[in-house]
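Please read them with the coordinates open.

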Amino acid sequence: CAGCGRAMRRSNTTVRYFYCNTRKFRDSPNCMEGRLMEQDLIDAVLLAIRQQARIVVDTGQLIQQAKKNRGTRVSILEQQIRALEKRSRIELFEQLNDGVISTEQYKTRRDHLSRQIQELEAQNRQLTKQMRELQGNATENGFVWLFRPCEQVESLTQEIVDALIRSIRIYRADQIEIQWKYLDDYKKCLDLLKDQTDRKAV
């Protein structure tokens with residue numbers, strides 16, 4: 001019950017329903033009034049699971065694409081870093097030896113290239129960290145794989161409920177709130193995806 005936080009009672013009648021028993025013992029205006037038919041609850045939870053499964057699976061595909069994009073970007077950054085290091089260590093030194101640039105120019109350009117390398121290395125570390133975080137949230141915690149079989153689920157089982165749902169809070173017979181077990185990991189992945197989108201927009 002969303003009002004008192006106690007477990008709802010299940011009737012022993014032929015047609016099962018849930019109700020809050022708190023009102024029998026004390027005044028509790030926030031508790032659910034009346035009955036919630038068991039089949040209505042099952043249908044609502046099944047619909048919510050199917051909808052959430054579609055959202056999560058779509059998000060999983062976005063995560064995989066984001067990982068791929070980051071992997072490509074990491075490869076490009078590594079190539080740029082190697083090119084700059086080569087230019088800094090070889091080309092500038094040769095230009096100095098050949099008298100093409102002065103010692104002062106050599107130091108200025110070398111320092112400039114060093115800063116560029118440091119910036120690229122920082123970007124590389126950040127992308128690599130994000131890839132690991134995406135991998136950890138999407139694969140190790142496995143919430144995408146938990147939901148994938150549930151896109152077309154037709155019957156509610158205890159195993160499905162235990163795997164996906166932390167709690168169900170009932171406000172009224174037509175208003176329930178489902179708290180999903182994976183929510184923290186899912187939000188982390190969404191934040192990482194949003195961060196990538198914001199970076200592209202800048």
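1. Basis. The model is predicted, so local features need pLDDT of at least 70 and side-chain atom pairs count only at pLDDT 80 or more, while totals for chains, interfaces and linings use all residues. Residues are numbered from 1 along each chain as its sequence is written, and side-chain values use heavy atoms, with hydrogens and water left out.

2. Overall content. The protein has five helices and five strands, where helices (H or I, at least four residues) and strands (E, at least two) are DSSP runs numbered from the N terminus. From the N terminus the elements follow the order β-β-β-α-α-α-α-β-β-α. Of the 202 residues, 33% are buried; buried means under 20% relative accessible area, exposed over 50%, and partly exposed in between (1.4 Å probe, protein chains only).

3. First aromatic pair. Rings of Phe, Tyr and Trp (its six-membered ring) pair if their centres lie within 6.5 Å; planes under 30 degrees apart count as stacked, over 60 as edge-to-face and the rest as tilted. The ring centres of Tyr17 and Tyr19 are 5.9 Å apart and the planes stand at 50°, so this pair is tilted. Tyr17 is buried at 14% relative accessible area. The charged end of Arg35 sits over the Tyr17 ring, 4.2 Å from its centre (the criterion is NZ of Lys or CZ of Arg within 6 Å of the ring centre and within 35 degrees of the ring normal).

4. For Phe147 and Trp180 the centres are 5.7 Å apart and the planes are at 65°, so the pair is edge-to-face. Phe147 belongs to helix α3 (residues 143-147) and Trp180 to strand β5 (residues 175-180), so the contact ties together parts 33 residues apart in sequence. Phe147 is buried, at 0% relative accessibility, and Trp180 is buried too, at 8%.

5. Strand pairing. Strands count as paired if DSSP finds at least two bridges between them. An open sheet of three strands has the order β1-β2-β3, with antiparallel pairing. β1 (9-10) and β3 (36-37) are at the edges with a single partner strand each, so one side of each has no neighbour in the sheet. Two bridges join β1 to β2 (residues 17-19), and Arg9 stands opposite Tyr19 in β2. Elsewhere, β4 and β5 pair in the antiparallel sense over six bridges, and a hairpin joins them through two residues. Ile165 stands opposite Trp180 in β5.

6. Largest pocket. Its volume is about 340 Å³, and of the 15 lining residues the closest to the centre are Phe18, Leu41, Val45, Val161 and Ile168. A pocket, on a 1 Å grid over the protein atoms alone, is an open set of points where a 1.4 Å probe fits, with protein on both sides within 12 Å along at least five of seven lines; lining residues have an atom within 4 Å of a point. α1 (38-97), α4 (158-164) and β4 (165-172) each supply at least two lining residues, and α1 gives the largest share, four.

7. Ile42 is in helix α1 and is partly exposed, at 25% relative accessibility. Ile42 and Thr157 are 115 residues apart in sequence but 9.8 Å apart in space, C-alpha to C-alpha.

How values were computed:
Points joined across faces, edges and corners; volume = space filled by probe spheres on them.
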